[in-house]
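Colleague: I'm new to reading protein models. Could you walk me through this one, feature by feature?

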Amino acid sequence: MEQVVQYSLRWRHRRGLRALHVTDAEREGRTGRIKACGLLEAPAWAPFLRGQEPYRDLVDGLRTAVAHPDAIMEFAYDWRLSVDHNATLLARAANDHLAAWRKHPAYDKARQADPDARDAQLVMLAHSMGGLLCWAMAGISGASDDVRATLTFGTPFQGAVKTTEMLNSGRGAPGLLSRNHVGELARTLPGLHDLLPTYRCLQGRDGLSALTVSDVTAIGGDADLSKESFERFRRLADTTMVGHRRFVGTGQETSQSLRMVDGTVLPMNFRVRLGPDGAVVTDPRTKRPIADNHKGDGTVYRYAGDFPGTEENTVVQQHQSLGRSKTVVDAAYGLLTHVPEREFVLGQAELGLVVPEFVPVGEPFDIVATDVTEPDRVSCRVENTGSYDETVARPTLYQRDHDDQVVDTVTIHRPGLYRVAVSGGAEPVTQLVMVDRLDIDDSD
């Protein structure tokens, strides 16, 4: 599962971010300066994500599905470092955990109750970058011999355009941080370079092309790190995961392609359509390329989550909230218990949520629900995550001139991390919003 560093509201300028820069020694393998202590236990804000929800509901749900809570291992890792480095640690930790569990008194008791049961095996559950670790682990000889199944959700197997925004002077960062300082940090991170898009996403005069190392360096990335990332993708291209099942987030506006203008990344929430021969499809009347908006989870473009040979399972949700999704939690429970999962989609299937990542205290901001087909069924609430999810507002969303959007304006007067939840009759789509004073310090 993805481990996210939780940031102080005030730890926002260069002095704070410099401590996270990956050093030459760390790139050479001398790690341990920063340690990941565990999975998130509370909602958190981080400059690379629109906040991050904890995995508490997922882990608690799984504990009821096993013979003893010790059967579950939470793997925390330093996401700054490379996927290959962390996959090696994951392989060692997972197999050591399995060996210890097979010697556990609760395991012996369970085997006595069901002597015909097969030996315990590993079931891997991974969010976002964690799925890339599982993929890389599958490429290590013998590391996955005892894996029974793998469930990934929100994993960018083909990368994410948002990575290029981060490398390009931190363009993808929330307004609370200086973009330049975030860009300086991003360019040192092997783990971030491992999220570079590998599909044809760069729009030029001749259509779409895949990013090259020179493209990445032109927008501010590191040549060696990007080369290593692209080589890892090619090396793993034919590697499969045992019993792999994947979930992708849908319905949310997501960067899917980009243009480069004078070294600046211009992300686009669409891709031009490609024909069977890979050529750009144009409109017969206008002769212009046809643009398709496939959306995604707000971070990972829907088809950037593709993995050969596996079926796509969709969840209408933002990236950072997939681990709290009842659909994902129930699928994970069913994978462990072999009990068929329930169907949680009770109303409108595709509902998008658009809110800012950062809002200054006391300034109004819009909450927008998109792709709304039944406006009367849409409800909204705003919760303070620091006060036991206290509801601080219940906006009434009104239909805009556009047929598929409803919107309302909210003002929050207390700093904190807030959750916006919008439902169209199904499981709510949620996003975290940081509310604080805007006083960025660009000095050293």
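Modeller: Happy to! Let's start with burial: of the 444 residues in the protein chain, 52% are buried. Buried here means under 20% relative accessible area, exposed means over 50%, and partly exposed is in between (1.4 Å probe, protein chains only). Keep in mind that this is a predicted model, where local features need pLDDT of at least 70 and side-chain atom pairs count only at pLDDT 80 or more, while totals for chains, interfaces and linings use all residues. Residues are numbered from 1 along each chain as its sequence is written, and side-chain values use heavy atoms, with hydrogens and water left out.

Colleague: Got it. How many helices and strands does the protein chain have?

Modeller: There are 12 helices and 19 strands. Both are DSSP runs numbered from the N terminus: helices are H or I with at least four residues, strands are E with at least two.

Colleague: And how do I describe two helices that pack together?

Modeller: You give the angle between their axes and the distance between the axes. Axes are lines fitted to C-alpha atoms, for helices over the stretch in contact, and angles run from 0 to 180 degrees between N-to-C directions. Take α4 (residues 83-101) and α6 (residues 129-138): their angle is about 75° and their axes are 8 Å apart. That makes α4 roughly perpendicular to α6, a label for 65 to 115 degrees; under 35 is roughly parallel, over 145 roughly antiparallel, and the rest oblique.

Colleague: Which residues in α4 and α6 meet?

Modeller: From α4, the list includes Val83, Leu90 and Ala94, and from α6 it includes Met129, Leu133 and Met137. By class, this contact has 11 nonpolar, 2 polar and 1 charged residues. Ala, Val, Leu, Ile, Met, Phe, Trp, Tyr, Cys and Pro count as nonpolar, Asp, Glu, Lys and Arg as charged, and the others, Gly among them, as polar. Contact means heavy atoms within 4.5 Å.

Colleague: Is α6 mostly covered or mostly open?

Modeller: Mostly covered, with 9 of its 10 residues buried. Among the buried ones are Gly130, Leu132 and Trp135. The cover includes α4, β1 (122-127), β2 (147-153), α9 (190-193) and α11 (223-236).

Colleague: Now sheets, please. How do I read the strand order?

Modeller: Two strands pair if DSSP finds at least two bridges between them.

Colleague: Which way do the neighbours run?

Modeller: Let's walk across. β12 and β19 run parallel, joined by 3 bridges, and Pro360 has Asp436 as its bridge partner. Between β18 and β19 there are 7 bridges, and these strands run antiparallel. Here Ala421 is partnered by Thr430. Next, β14 (residues 379-384) and β18 (residues 416-423) pair in the antiparallel sense over 6 bridges. Across that pairing, Cys380 stands opposite Val422 and Arg381 stands opposite Ala421. Finally, 3 bridges join β14 to β15 (residues 390-393), again antiparallel, with Glu383 partnered by Thr391.

Colleague: Where are the hairpins?

Modeller: One is formed by β18 and β19, with 5 residues between them; Gly425 in the turn has a positive phi of about 110°. β14 and β15 form a hairpin too, also with 5 residues between them, and Tyr388 in the turn has a positive phi of about 55°.

Colleague: How many residues of β19 are buried?

Modeller: For β19 (residues 429-436), 8 of 8. Val429, Gln431, Val433 and Val435 point one way, while Thr430, Leu432, Met434 and Asp436 point the other.

Colleague: Last one: how do I spot aromatic pairs?

Modeller: Look at rings of Phe, Tyr and Trp (its six-membered ring): they pair if their centres lie within 6.5 Å, and planes under 30 degrees apart count as stacked, over 60 as edge-to-face and the rest as tilted. By this rule there are 8 aromatic pairs. The rings of Tyr301 and Tyr303 have centres 6.0 Å apart and planes at 85°, so that pair is edge-to-face. Tyr301 is buried, at 4% relative accessible area, whereas Tyr303 is partly exposed at 32%. Elsewhere, Trp135, Phe157, Phe233 and Phe307 form one aromatic cluster.
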